[in-house]
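Please read the points below with the sequence and the model open.

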Amino acid sequence: MLDHILQQDYLENDVLALDNYSDQSVILNSRLWKRLFSSEITPPTLVSIELERVVTKLLETDLKNTESLVYLLLFEEKAIHRLHSSLNIMGDTSTFLFWGIDPLGRRIPLGFENSRNELIGYSDQGNRFTIALTPSSISQALVDGRLLPSLFICFAVIAFARGVVCAGGYYQAQYLPKMQQCVVSALKASPEWQGIIDHVQSVKTTTYISGMQAVMSQFSPGELLPAGPIEMIAAGGLTPNNLACMESITVEQAHMASVIDTVSDVMPEIIKVPELVGWKQALAKESHYLLNRSNIVIKSLGSHNK
């Protein structure tokens, strides 16, 4: 099955002809999404929208508006320095505000040069990349494709400025509130921005949708494992009955079903303790005990189909 997917989808000429990973991933995700469902189901259309492209379009407006959140954070000296300091304390050191893009389309992490008010970075080849932190320079670089918004700028534009609730992974539910507080800290540089602070603080930042599982596989008696796309596709795809069962799955059950995948994130020491060898099999058995008689077991996939 895996070989078939690689040959029919990943190595398909129309996919290989695309000149960037972003466009290729959109096509591949759409194809794999359709394979997840049985022939009895016409799946809803999967629409993939690249966050950075949406934010880049919105920045065309925000960078011209001296009262926009992004304009204040980037170009008000009393705000940008506090923001830079807050994000450093938070530990967000990969890049600041934007990624530089080299001629081959590769990302360059950029730091902030306080004294010169510039974003500076170096490519893998050691070439220096600099851009002045001014509205005109940033706007033109975005148009030219020499800059890409960082994750922080994406959330600043989408969530903090416009109030959109961004549901992501459980890691996001940890770092997004911290980013929110960094913005608040930067805006506290001036009492005139209190209204904006109130708005930013009102945005919900702890919503997440990952770390939950709805489909289980039974590869051996008495053990249940979370099923991934390959297992679902190999079993012929999800059926109408499978989808009906999903409607009664609780959030608690979904978290219990995925614990074998998430436990190493919250307890990284589990993979290092000799006494805990075999913990995956133990959790698989516990999953069977807790979930075998609930609707979380939509279908037993793999070598022991029911």
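The notes begin with the basis of the model, then take the chain, its helices and some single residues.

1. Basis. This is a predicted model, in which local features need pLDDT of at least 70 and side-chain atom pairs count only at pLDDT 80 or more, while totals for chains, interfaces and linings use all residues. Residues are numbered from 1 along each chain as its sequence is written, and side-chain values use heavy atoms, with hydrogens and water left out.

2. Overall make-up. The chain has 14 helices and 8 strands. Helices (H or I, at least four residues) and strands (E, at least two) are DSSP runs, numbered from the N terminus. Taken along the principal axes, the C-alpha atoms fill a box of roughly 65 × 45 × 40 Å.

3. Burial and surface. Of the 306 residues in the chain, 41% are buried. Buried means under 20% relative accessible area, exposed means over 50%, and partly exposed is in between (1.4 Å probe, protein chains only). The accessible surface of the chain comes to about 16,900 Å², and 54% of this belongs to carbon and sulfur atoms. These areas come from the Shrake-Rupley method with a 1.4 Å probe; for residues, only the protein chains shown count as cover.

4. Contacts and charges. Among contacts between residues at least 6 apart in sequence, 60% join residues at least 24 apart. Contact means heavy atoms within 4.5 Å. The chain has 23 positive and 31 negative charges, and their mean positions are 1 Å apart. Lys and Arg count as positive and Asp and Glu as negative, with His and the chain ends not counted. Each charge is placed at NZ of Lys, CZ of Arg, CG of Asp or CD of Glu.

5. Helix α7. Which residues of α7 (residues 135-144) are buried? They are I138, A141 and L142. These residues lie on the same side of α7, because they cover an arc of only 100 degrees around the axis. The arc is that of the directions from the helix axis to the C-beta atoms. An α-helix has 3.6 residues a turn, so residues three or four places apart point the same way. On the other side of α7, S136 and V143 are exposed.

6. Surroundings of α7. The buried residues of α7 pack against the helices α4 (51-62) and α5 (69-75) and against β1, β4 (118-122), β5 (128-132) and β6 (147-149). S139 is also in α7; with 24% relative accessibility, S139 counts as partly exposed. S139 and T61 are 78 residues apart along the chain, and their C-alpha atoms are separated by 9.7 Å. Just after the helix, G145 takes a positive phi of about 80 degrees.

7. Helix α8. Helix α8 (residues 151-160) is mostly covered, with 9 of its 10 residues buried. Among the buried residues are F152, F155 and F160, as well as C154.

8. T95. This residue lies in the loop between α6 (77-90) and β1 (98-101). Is T95 buried or exposed? T95 is buried, because its relative accessible area is 7%. The side chain of T95 has polar contacts (pairs of N or O atoms within 3.5 Å; within protein, one must be able to donate a hydrogen and the other to accept it, and residues adjacent in sequence count only if both atoms are side-chain atoms). One reaches the backbone oxygen of F98 at 2.8 Å. In another, a polar atom of the T95 side chain lies 2.8 Å from the backbone nitrogen of L110. Not counting residues up to four places away in sequence, T95 touches I108, P109, L110 and S150.

9. G163. The loop between α8 and α9 (172-187) holds G163, which counts as partly exposed at 33% relative accessibility. Leaving aside neighbours within four places in sequence, G163 is in contact with I158, H199 and V203. G163 and S202 are 39 residues apart in sequence and 8.0 Å apart in space, C-alpha to C-alpha.

10. I196. Helix α10 (residues 194-202) contains I196, and this residue is partly exposed at 23% relative accessibility. Outside the four places on either side in sequence, I196 is in contact with L69, L72 and L187.

11. T262. In helix α13 (residues 251-266) sits T262, a buried residue with a relative accessible area of 16%. T262 touches Y170 and G211, not counting residues up to four places away in sequence.
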